[in-house]
Structure formats: C-alpha cells, structure tokens
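Student: Hi, could you walk me through a structure? I'd like to talk about helix packing and pockets.

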Amino acid sequence: MKQVENIQLLYSLLEVFKAQSLSEASRKLGKTTSSVSKDLSKLREQLDDPLFMRSNNRMLPTEYVSNIMPDIERLLNDIGHTLTSKNTIIKENYNKRIKIAIAHIIMELYGDELSVQLSSLFPNAKIELVTWDSASNHQLQNEQIDFGIHFNLVDHPGNVRYRRIIAYDLAIVCPEEDKDKQIELILSDRSFMFLSIKDWNDVEKVLTSIAAKNDIDIRYTHFVDNLSTAIKIVKREELGFIVPKIIAEYHQLHYVSWSLATKGLIVGLYYNAHQNEMLTNIVYDTIATIFKSPPIKNK
C-alpha cells in the first residue's frame, strides 16, 4: 500500500502541480529549490511514480498525479480549515452576496433546489445563480463570482481551486427502436446532436474529447447550446445524443448506457484560492448532498 511518511511533502507536491515550475513552487512555499526537489524525490519513492515530466521548461503531472491531486488538495484545505479557528461563519448572520456560475445543463437539473437550500442556510445573504459563460473564469479569478460548478475542468488556471463533487455516467440517447442495439451500430447509423457547453475559453469540447480518447467517431449534424432545444430537435429528427445518464433519465428519454474506462463527466466546484474556507465547506457540502439525489421534477 502506498504511504506518505510526511504530510509536508504533499504541500510541495501541490504547489509544483499548480505552478508547473519547481522554482515558482519553491518561492510560494518559502523553501529552496533544492529542498522542494528533495521532497519530490522522497514522494517518487514512496508513491512509486515519476510524478512529473519535463516539457518546454514546464513540469507536467503524470496521469497518476492528475487523478489524486483534487483529493489531496481537498485534504490539505480541510486540515488548514481545522487549524484556522478564526475563519468561522454564522450562517444566519451572513449578509454578503453568494454568486455561483453553473454550467447550463446542471442549472436545469439542480438550479432551483440549490437556490432554495442556500437561501434557507443563509437567510440574509443574496443568492445569485448565473449560467456559466466564457467570462466566468476571469470573474472567478477576480472574485466577481464566488463559486463555479462545471464539468471536467480539472486543469483550472491561475488561483482558481477545484473540488470534485460527483461523477456522472454517460448515455447515448436514441430513438426507441435503437435502445436494444449495440452502441457501435447506433454510432454508425445515426446522426448526432452536439450540445455546446461553455468552458474556460469556449473551445474545449468535453464529450467529443471523451469519444476521441475511446476511438469513437461521432457524426454530428446538428449543433445548439441549449439543452431544452437540443432535446426537442433530437426527438423530432430521431438523432443520437450523448449526455450524462441523469439527463436522459430526468427527461425520460430512450437511451443506451455508455460504459467507459474513464470516470465519465466529473462535476467540480471551483472557487478562488482566497475564498473563505468555512463558506466553501458549507457551499460544497450543500451542493454535494443535493447532487447525490435525483433532481426534483416540477409538477
């Protein structure tokens, strides 16, 4: 079993992961470059992994490090929160704005419940939910937005931090006549709908990327950026449509489960490094609890 003998080594690992630079990480930690390098050497031996690969003067994390860093960052944040008693919040007296940018398909599922629960927890705060767009990254960096909820943006830039909330399995929505067919046959026979989801720079195509990594070629013939519109077109034109399974179930669509070796779509909470830790913990726990249950359908 892999064990880390000194938790201080994990702080060095985290800073190098964020900065992708040994010298920059050393500066932030207030340590010498040699000291941080020795920390990484110890971790390589203890974790049995090279940890980073050098490329164009950058230290790029291995797949193993990329996978474990969200949990390690959360662990270290929780430790810091435990040791920092001054960072407390009385929810009933909190009267500041709490503004959250949310990817639009998550907003459709959970926006109402999230707004109601946060308003109940913070009765004197102003709860603002907005749809994530390409400006949200900049607004998180500058603390114009307090939190973001989005898919698969683990490689977040700058001083934005990340906590994993939940992973959703994927499904291929299809006409009823296809729901017992093999996925490969559906992919070859059907045209597909492409749903655009705005991200850091409006260029990353998460589902297309997942398909490509699994050697799947999808023939897209329709493109929209609104989930409700996409579903209407999919039904009218009898298209294929790749979505989180929870979307297909919520809208009672016919689908075939798309089992992948990857973790599917990972929903994460994003926030500024200077955000109040207690507030972050409360918001995170509220969101995680909501997302573990099926979304409530309006009557």
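This is a predicted model: local features need pLDDT of at least 70, side-chain atom pairs count only at pLDDT 80 or more; totals for chains, interfaces and linings use all residues.

Student: Let's start with α1 and α3. At what angle do they pack, and how far apart are their axes?

Tutor: Helix α1 (8–19) packs against helix α3 (residues 33–47) at about 105°, and the axes are 9 Å apart. The two are therefore roughly perpendicular to each other.

Student: Which residues meet there?

Tutor: From α1 you have L9, L10, S12, L13 and V16, and across from them V36, D39, L40, K42, L43 and Q46 of α3. Sorted by class, that contact has 7 nonpolar, 2 polar and 2 charged residues.

Student: OK, and α1 with α2? How do their axes cross?

Tutor: The axes of α1 and helix α2 (residues 22–29) come within 8 Å and cross at roughly 130°. That makes α1 oblique to α2.

Student: Is that crossing left-handed or right-handed?

Tutor: Right-handed, for α1 and α2. On the α1 side Y11, S12, E15, V16 and A19 take part, and they meet L22, E24, A25, K28 and L29 in α2. The class count for this contact is 6 nonpolar, 1 polar and 3 charged residues.

Student: S12 and V16 again, then! Which α1 residues did you list against α3?

Tutor: L9, L10, S12, L13 and V16.

Student: New topic: what's the volume of the second largest pocket?

Tutor: About 290 Å³. Its lining has 16 residues, and K18, N77, R161, A273 and E277 lie nearest the centre of the pocket.

Student: Which elements give two or more residues to that lining?

Tutor: They are α1, α4 (63–83), β6 (160–168), β12 (265–272) and α11. The largest share, 4 residues, comes from α1.

Student: And the lining by class?

Tutor: The second largest pocket is lined by 6 nonpolar, 4 polar and 6 charged residues.

Key. Residues are numbered from 1 along each chain as its sequence is written. Side-chain values use heavy atoms; hydrogens and water are left out. On a 1 Å grid over the protein atoms alone, a cavity is a set of points where a 1.4 Å probe fits but cannot get out, and a pocket is an open set with protein on both sides within 12 Å along at least five of seven lines; lining residues have an atom within 4 Å of a point. Grid points are joined across faces, edges and corners, and a volume is the space filled by probe spheres set on the points. Ala, Val, Leu, Ile, Met, Phe, Trp, Tyr, Cys and Pro count as nonpolar, Asp, Glu, Lys and Arg as charged, and the others, Gly among them, as polar. Axes are lines fitted to C-alpha atoms, for helices over the stretch in contact, and angles run from 0 to 180 degrees between N-to-C directions. Angles under 35 degrees count as roughly parallel, over 145 as roughly antiparallel, 65 to 115 as roughly perpendicular and the rest as oblique. Contact means heavy atoms within 4.5 Å. A crossing is left-handed if the near helix is turned anticlockwise from the far one by less than a right angle, and right-handed if clockwise.
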